[in-house]
Amino acid sequence: MMRMERAIVHCDINHCYAQIEEMLNPELKQRPMAVGGSQEERHGIILAKNLHAKKYKIQTGETLDEARIKCPQLLILPPDYRRYQRITDQVKAIYREYTDRVEEYGLDEAWLDLTQSQRLFGPASQIARTIQQRVYAELGLTISIGLSFNKIFAKMASDFVKPSGFVTITRANFQEKIYPLSVRELFYVGAATQKKLEAWGITTIGDLASRDRQFMRRYFGKVGEMLHWFALGEDISEVALASEAIPVKSVGNSVTAVHDLHTHGEARLVLRVLAESVASRLRDQGLKGKGIALSLRDIHLFRWSQQRKRARPTQLAEEILEDAEILLRQAWQNALPLRSIGISVFDLCLDQTGEQLDLFVDEQHRQSLLQLEKTVDGIRRRFGFEKIQRCSLLLDKPLTSFNPKQDQTIHPIGFLKEPIQAGGR
C-alpha cells in the first residue's frame, strides 16, 4: 500500500491585531490604523497595521514616530492581548474540528496536518478552503493559507498572497516557486545568516539547494545542514498534536525602562521587579531552574547576555536576583546607559523533583522565603499587583511601576526547540 503524501497547511490570520480591531469596530476599515505599544513606556513600535496604513508603507516593528511621519493621520490603538487571545482561540477551535494536529505558532499562525483528515472530509485543498471560508463567515476574519507536503513550504506559501491568499506548493512545482526567491525568504534565515550565506555566493534558495551538504555543515554547522534540508524540501518535522504541551525551555521577562539606566542602583531596582515576576511565573507552572541568564541592551540598541549556573534549582526571587546582580556586575561597567534589561531562568525541572540538600544553606530560612513569596503571589492575585511592594521600589516609582508578569507582549513560539546561530566564514 502506497504511503499517503503529507498534506500540511499553514494558516495565518492577516495583520491579526489590526484585523481584530476592525472586526470589533468596522469603521476602522475606512482609515489608516495600527496597533502599537505605549510611547510613554517606550514600547512604542507598530505591532500590526491595516490595509489603509499599508498604503503609506507603514512597517511592523518601526517606531510610532516613524509611522506618524509617513502618515500624520494614522490612528494608533493600544494592544489588548487578552482580547486577541480569546478571539484567536475561536479561530483555532475551527481548525481543530478538522484535525487533532494543530500546532500553534504565536497567536496568529498555526500548522495543520490534514493528511488523515482527507479520509473523512475530502481533499486537503477542499478542507483548507472550507476552513478559510468558515473563519470569515463566522468570525469576520481573513486568513491566508499555504498548502504543501511539509511545514516549511506550507508556511512560505501562506506568505505569497495577502490577504486571503491560498497557495499550494507541491513536489512538482516547489523548485519553480521557491528556488528563485532570496535566501532570506527561507524560514529561519535571518539578516545575520543571510549575510554569511551571501559571503559564499549563496543569494537564492536555489543556490543553497545546489550546495553540497558537507560544505554547508563544514562552514555553517548544524544550522547549515538544516537549512539545506529545508531548501531541498526534506523537512520531515511533525505537526504537534493540539493536546501536546510545548516543552518550556526557559521562563523570563524583560522590559524597556521608562528612562535609561545609568547606574547599577537603577538597574537593580528593575532587576528586583523582574526577578519577582520570573519567580512567580515559575511557581505558577510548578517549575524551578538552575540556569540564570541576564540580557542587556544599551542606548545604541546593542544587545548582549551573560549566564551562570546554580548548584541547586530555584524558584525564589531572592536567589534569582542574587545571581542576576552578579551577572550585571560582570557584564556592565556603566560604559553606556542601558535601554532594556531582562532575566530568564533555564535548565528547568519540576518543582517536585528531589534535590541534594546543602549543609551550608539555612533550609529553614529558605522555606520561610518561599512561603513569604507565595503569600505575596496570593495577595497580588486577589487585590492587584500594586497592592504589595517592597519599600526599596518606591525610591523610583516611575521606574518600578510595571507588572512584567501581566503586561507582557505575546511573541510567537519558536519553531525549533533550541535557538540557533550560523557560524561565520
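Trainee: Is Cys16 buried or exposed?

Mentor: Buried means under 20% relative accessible area, exposed over 50%, and partly exposed in between, with a 1.4 Å probe and protein chains only. Cys16 has a relative accessible area of 4%, so Cys16 is buried, and Cys71, at 0%, is buried too. Bear in mind that this is a predicted model, in which local features need pLDDT of at least 70 and side-chain atom pairs count only at pLDDT 80 or more, while totals for chains, interfaces and linings use all residues. Residues are numbered from 1 along each chain as its sequence is written, and side-chain values use heavy atoms, with hydrogens and water left out.

Trainee: How many disulfides does a search of the whole structure find?

Mentor: A disulfide is a pair of cysteine sulfur atoms within 2.5 Å, and the search finds zero of them.

Trainee: At what angle do helix H1 and helix H4 pack?

Mentor: Helices are DSSP runs (H or I, at least four residues) and strands likewise (E, at least two), numbered from the N terminus. Axes are lines fitted to C-alpha atoms, for helices over the stretch in contact, and angles run from 0 to 180 degrees between N-to-C directions. Here H1 (residues 16-24) and H4 (residues 81-95) pack at about 85°, with axes 10 Å apart. Angles of 65 to 115 degrees count as roughly perpendicular, under 35 as roughly parallel, over 145 as roughly antiparallel and the rest as oblique, and H1 and H4 are therefore roughly perpendicular. The contact (heavy atoms within 4.5 Å) involves residues including Cys16 of H1 and Tyr81 of H4.

Trainee: Where is Thr314 placed?

Mentor: Thr314 belongs to strand E11 (residues 303-314), and Thr314 is buried at 1% relative accessible area.
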